[in-house]
Amino acid sequence: MDFKTPEDILNEGRKRFNNLAGFAPLAIMGIVLLVGALGSIYSIGPDEVGVIQRFGKFARLSQPGLHIKMPFGIEKLTPVKVERIWKEEFGLRTLQPGIKTRYSQREYLEESLMLTGALNILDVQWIVQFRVKDPVKLLFETREPLENVRDMAEVVMRRLVGDYRVDEVLTTKREEIDDLAHQQMQEILDAYGTGVKIVTVRLLDVNPPDPVKPAFNEVNEAKQEKERVINQAWEAYNKVIPMAKGEAEQTIRRAEGYNLDKINRAQGEAERFLLTYQEYKKAPAITKERMYLETMMDVIPKAKDKYVIDPNQSSILPLLNIGRKGGLE
Amino acid sequence: MRILSGIIIGVVAVVMLAFISGLVYRVDETQQVVITQFGRPVGNAVTQPGLHFKTPLIQVANYFDKRLLQWDGDPNQIPTKDKKYIWVDVTARWKISDPLKFLQSVNNEISAQARLDDIINSATRDVITGHILIEAIRSTNRIFEGEESDDVDVIASEEAIERIGVGRKALEGVVLTRAKKITPQYGIDIVDVRIKRINYIENVRKKVYERMIAERKRAAERYRSEGQGKRAEIDGQREKELKVIQSEAYKTAQGIQGRADAEAINIYAEAYNKDPDFYTFLKTLETYKETIDENTTMMLSTDSDYYKYLKKLE
């Protein structure tokens, strides 16, 4: 019979195990090598910098490319994006950036309402853009660099708005505030050692709070109305005055014309008289006679009723009726 | 072959054992460690990053953050010296400067935060109640310098007309100084305290809105009346200038005409005065020509020169 005794089976098992056991170290070594290889090769992207720590202590920075480090947790890699620009929003949130950016309709009044220098209230929205300038500081100096950026953005903006007037924040001093906010934020963040560089601080929409907006609009309308009323008055002026000036000119010209006319006529008549007089003076008596008779010749036929009276007679009798048809009746 | 693999296994085993048992511990750049033995701290704090040794199993490494940490309390409702109720939201930055003391006093960050709540909130409250509102809002007096703009944000509230003596930044400094005095006993160093937000409480805000609205309405009214006033001015000027132009023209025209009349008279007189009788004669003859027409009844005497030859020839 070919039965295997329990001891035989155990022996066989032991033999097989011993054979396998020879392989065990090799297998473990293989795994170790593999893990080691995987843990020691790494690559840094073009917009990154690699921070290498050995047993927790900072060892070196790695520039973009393929590198080797110590595996098995001896050296740890933390890549940091140093080219990328981050944006933080205050008082608003962008839902979907793009060509037609969509903003959240929700108001972020806790963030956006603030007091001005004259103790009025404004609704201020702004953004901060920043990037990493010192990856070592970023990782090791502060626990929450991003929260530092956000907190200080609010601290600085509120501090600045608290020094300006409503109209300055709305329009005239926006750029000044942007610049100062940039400066002051950078100062604080550097003092904290965040390793962050502020790229931009920019005020976006600044508005009076909703309940007050209509009153502000009213002022703009009133300003426009003032302009309009004044323009209308000047228009009326410009319609009347130049025309009046023109008419005045005309009146004077007319008078001058009258002047000329009158004088010319006078001169003409004077001239005529003088000429007549010259002739008359040459033979006064006969000229006078002639002129008289000529006039009578012209005039007497015109009159219908003519009476010739002899002054030596005492009564008036129609002795002569020249020119009247029908004769005595 | 067997020996090599044996060595490798041995090394790996030893290393793992070292870490598990606690012989070796690692301190990161962001960490600091206090070693305690049976609850009692041993030696100074370990702040150097890297690998360190301690007694395994018996000694424990307590880790603390070495970095700048933040404290951000809840907003508090605080009245200012001039009785304005405002929400004050303060934020602070602190460090565990003495991890040993820290471990012994507050032991962990949660209770540290609670302790900081008390310290910073009370310091803030003291400072805010000790100053008028405007001191917590403005940092400088720049609002009083510079040109008055046309659309002046009229400083309507009386307290806003005052100049500040201290200012926002200085107030933050006072809170920081006060808090800084207390915290070292906890191994905490407060690096910075800042006012993050100040806002009116709800019903004060409503009043401020009302004030702003009233002020804006006043400004609007002012613009409107300025417009009306200027228009009246321009209209008045227009009327006046019109009268002046017209009367001047009239005067000048009259003058011209008067002079013309005078000169004409002169011309006539000069001429006719040469022989006034002759002029009278001529003029009379002209008058006969003009006035005698078919409606005229003429009475002629035989004495007249026209008829004189009727009587007799002479």
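How many bridges join strand β2 (residues 48-54) of chain A to β5(A), and in which sense do the two strands run? In this predicted model, seven bridges join the two strands, which run antiparallel. Within this pairing, Glu48(A) of chain A stands opposite Lys81(A) in β5(A). The two strands belong to an open sheet of three strands in chain A, whose order is β3-β2-β5 and whose pairing is antiparallel. The edge strands are β3 (57-62) and β5 (75-81) of chain A, each of which pairs on one side only. From one strand to the next, the twist of this sheet averages 25 degrees.

Helix α4 (residues 145-161) of chain A packs against helix α6 (residues 174-192) of chain A at an angle of about 135 degrees, and their axes are 9 Å apart. Because of that angle, α4(A) counts as oblique to α6(A), and the crossing of the two helices is right-handed. On the side of α4(A), the contact is made by Asn148(A), Val149(A), Met152(A), Ala153(A), Val156(A), Met157(A), Arg159(A) and Leu160(A). From α6(A), the residues that take part are Ile177(A), Leu180(A), Ala181(A), Gln184(A), Met185(A), Ile188(A), Leu189(A) and Tyr192(A).

Strand β2 (residues 31-37) of chain B and strand β3 (residues 40-46) of chain B pair in the antiparallel sense over four bridges, and Gln37(B) has Arg40(B) in β3(B) as its bridge partner. Two residues lie between the strands of this hairpin, and in the turn Phe38(B) has a positive phi of about 50 degrees.

The last topic is the aromatic side chains. A pair of aromatic rings is described by the distance of the centres and the angle of the planes. Over all chains, the count comes to 16 aromatic pairs. For Phe64(B) and Phe102(B), the ring centres are 5.6 Å apart and the planes stand at 80 degrees, so the pair is edge-to-face. This pair links distant parts of the chain, since Phe64(B) lies in strand β5 (residues 59-65) of chain B and Phe102(B) in helix α2 (residues 99-105) of chain B, 38 residues apart.

Methods. Residues are numbered from 1 along each chain as its sequence is written. Chains are lettered from A and ligands numbered from 1 in the order in which they are written. This is a predicted model: local features need pLDDT of at least 70, side-chain atom pairs count only at pLDDT 80 or more; totals for chains, interfaces and linings use all residues. Side-chain values use heavy atoms; hydrogens and water are left out. Two strands pair if DSSP finds at least two bridges between them. Axes are lines fitted to C-alpha atoms, for helices over the stretch in contact, and angles run from 0 to 180 degrees between N-to-C directions. Angles under 35 degrees count as roughly parallel, over 145 as roughly antiparallel, 65 to 115 as roughly perpendicular and the rest as oblique. A crossing is left-handed if the near helix is turned anticlockwise from the far one by less than a right angle, and right-handed if clockwise. Contact means heavy atoms within 4.5 Å. Rings of Phe, Tyr and Trp (its six-membered ring) pair if their centres lie within 6.5 Å; planes under 30 degrees apart count as stacked, over 60 as edge-to-face and the rest as tilted.
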